[in-house]
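Thanks for asking me to look this one over. My comments follow as numbered points, to be read with the model open beside them.

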Amino acid sequence: MEQSSPATVASPHKEPSGSRTGWWRDAVIYQIYPRSFADADGNGIGDLEGVRQHLDHLERLGVDAIWLSPFYRSPQADAGYDVADYRDVDPLFGTLDDFDRMLREAHERALRVIVDLVPNHTSSAHEWFKLATLAAPGSPERDRYLFRDGRGEHGELPPNNWKSVFGGPAWTRIEDGTENPQWYLHLFDAGQPDLNWRNPEVVAEFHDVLRFWLKRGVDGFRVDVAHGLIKQADLPDLVGHEGPARADELGPMWDQDDVHEIYRGWNRVLHEFGDDKILVAEAWVANSERRSLYVRHDEMQQAFNFGYMQAGWDAAAMRAEIDESLASNALVDATTTWVLSNHDVVRHTSRFGLSDPTRWTHGIGPDEEQPDLELGLRRGRAATLFMLGLPGSAYIYEGEELGLPEHTTLPAEVRQDPTFFRTGGEQTGRDGCRVPLPWDSTKPAFGFSPTGASWLPQPAIFGELAPDRQDGVPGSTLELYRSALVARRELDLGGGSLTWRQSPEGVLDFDNGEVRVVLNTTEEPAAVGEASVIVESVPGAYADGTLAPNAAVWLR
Ligand code: NOJ
């Protein structure tokens with residue numbers, strides 16, 4: 001049932017004072033992947049009640065907001081990124097009442113709540129798609145999606161050469177009993193038909209969906225595949241390479257200029273609800289300049305900084321991404337976001353333990369190079385501390401505050417990611433970063449679920465890293481995150497600015513207000529001079545004016 005009185009944040013950490021000075025500009029936002037966060041009902045899949053029960057963990061951690069990956073009604077062909085009903089909670093995750101309760105209690109703790117919006121495609125189980133398959137070619141029902149006749153004498157070939165991001169063709173032919181059935185476009189799984197965003201009915205429907213959740217009191221939306229909604233009108237063949245359409249490559253399906261008109265419309269809808277609601281773009285585009293177009297003053301407020309996420313353990317690449325992002329976003333008066341991990345990529349503690357951490361990986365399988373856990377965690381902690389010292393907003397992915405690694409030995413039988421199946425196992429897929437979180441090392445499924453059920457098996461190391469093993473333990477990863485987040489807020493690092501200092505190769509060194517942030521990516525100690533420590537990435541990282549290898553420190 002829709003509620004008319006919105007839940008609001010009781011005592012926000014920062015009052016919004018205008019559209020370009022809002023809370024998000026320096027916020028730390030924690031991503032919850034609901035199916036893996038905490039399971040309250042015992043079916044092995046996390047739920048909204050599980051989120052509510054663990055809000056104290058997030059409050060103590062010191063984040064400003066949470067972003068929830070999709071919990072809407074869905075057949076789960078892509079773990080909920082295939083939405084069948086945008087206005088309801090899937091019974092797997094609970095009910096709308098559970099959502100409202102969770103939202104209210106989050107706001108009482110001054111935690112803002114951002115929900116995921118999946119506008120590029122619906123589920124094939126969505127009412128609109130069912131109607132489209134029953135309707136005739138050229139009908140208004142089909143025009144909500146991208147249906148086309150096939151090529152070849154009998155239309156037996158797909159309408160163009162596009163490949164799905166998940167592997168295989170981007171077109172599926174429907175079976176409607178006619179002689180020459182049409183094909184529909186799906187840039188992702190066949191269960192995720194792409195919508196036709198040139199159709200005003202689609203535009204109007206999503207304005208309504210935005211209002212539905214804004215009325216409930218949400219603080220914003222993370223926009224899935226924000227760079228993909230508008231395709232070049234004639235859907236031309238992709239020229240230049242044979243491979244599947246990768247979301248970070250330019251092509252007639254990505255980052256088309258017309259897409260921005262959609263976000264101007266959404267911006268207006270958000271402002272009906274005040275000037276502190278946000279849109280966050282998941283936009284895989286060519287460079288930071290293209291990305292900054294999404295955060296112009298009349299569009300979105302933030303875009304994920306995937307350039308930074310992919311810079312690896314490489315000081316020069318990190319610095320280049322930092323400089324480019326700050327410069328591009330300054331042109332449109334937006335602050336920058338920083339991110340190291342999410343539900344689509346190998347956890348950064350594991351990436352940094354590979355022989356080539358700059359390599360972009362699609363999951364790690366049991367037969368592939370296994371990360372060095374100790375080195376990965378050491379570097380991962382340093383990378384996080386360094387990131388949290390940067391001005392702007394930072395995203396944290398659930399479990400990284402515990403130092404969780406990727407699960408790299410999941411057997412094929414338990415895998416669920418459609419990329420694994422659509423590439424015939426060639427791509428390991430994203431299951432390894434989606435393994436249910438540990439909460440208590442002494443309990444079944446390490447406290448994830450009261451029954452011990454878990455939709456993916458957890459590795460033994462998750463027990464060692466559970467919060468009960470780290471809470472109050474000096475030097476633990478959990479305590480590092482907590483102390484860094486407290487200091488970041490007290491010293492207003494998010495609202496600060498960056499001035500580089502001279503530094504040797506492999507070392508990054510900058511001032512942010514009164515704080516000096518130093519990262520040593522090399523295998524040798526780095527001389528940085530005498531100062532007092534605010535936070536260090538591992539105990540003893542900084543001593544006698546020297547920063548240890550693979551470590552970071554905040555100094556004053
Ligand atoms: C990006 C999401 O983060 C990912 O998990 C999903 O598979 C695709 N978009 C398709 O919705």
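1. Let's begin at the ligand: one of its oxygen atoms sits 2.5 Å from an N or O atom in the side chain of Asp 78. Please keep in mind throughout that this is a predicted model.

2. The side chain of His 343 places an N or O atom 2.8 Å from an oxygen atom of the ligand, and for Asp 344 the distance from a polar side-chain atom to a ligand oxygen is 2.4 Å. The protein covers 97% of the 300 Å² of accessible area that the ligand has on its own.

3. Now widen the view to the whole shell. There are 14 residues around the ligand, and those that come nearest are Asp 78, Arg 222, Asp 224, His 343 and Asp 344. By type, the shell holds seven charged, three polar and four nonpolar residues.

4. Why does the ligand lie between domain 1 and domain 2? Both domain 1 (23-122 + 200-477) and domain 2 (123-194) give residues to the shell, so the ligand lies between them.

5. Helix α6 covers residues 200-216, 17 residues in total, and reaches 25 Å from its first C-alpha to its last, close to the expected 24 Å. Just after the helix, Gly 217 takes a positive phi of about 110°.

6. Asp 372 caps the N-terminal end of α12, through a side-chain oxygen 3.2 Å from the backbone nitrogen of Glu 374. The buried residues of α12 include Gly 376, Arg 379 and Arg 381, as well as the run from Ala 382 through Ala 383, Thr 384, Leu 385, Phe 386 and Met 387 to Leu 388.

7. Finally, a residue in a loop. Arg 434 lies between α13 (418-422) and α14 (461-464). Is Arg 434 buried or exposed? Its relative accessible area is 2%, under the 20% cut-off, so Arg 434 counts as buried. Arg 434 and Trp 197 are 237 residues apart in sequence, and their C-alpha atoms are 31 Å apart in space.

Conventions. Residues numbered from 1 in each chain as written. Predicted model: local features only at pLDDT ≥ 70, side-chain atom pairs only at ≥ 80, totals over all residues. Heavy atoms only, no water. Near = heavy atom within 4 Å. Polar contact = N/O pair within 3.5 Å; in protein donor to acceptor, adjacent residues only side chain to side chain. Areas by Shrake-Rupley, 256 points an atom, 1.4 Å probe, with all protein chains shown as cover. Nonpolar A, V, L, I, M, F, W, Y, C, P; charged D, E, K, R; others polar. Domains from an automatic or database assignment. Helix = DSSP H or I, 4+ residues; strand = E, 2+ residues; numbered from the N terminus. Expected span 1.5 Å × (residues − 1). Buried < 20%, exposed > 50% of the residue type's maximum accessible area, 1.4 Å probe, protein only.
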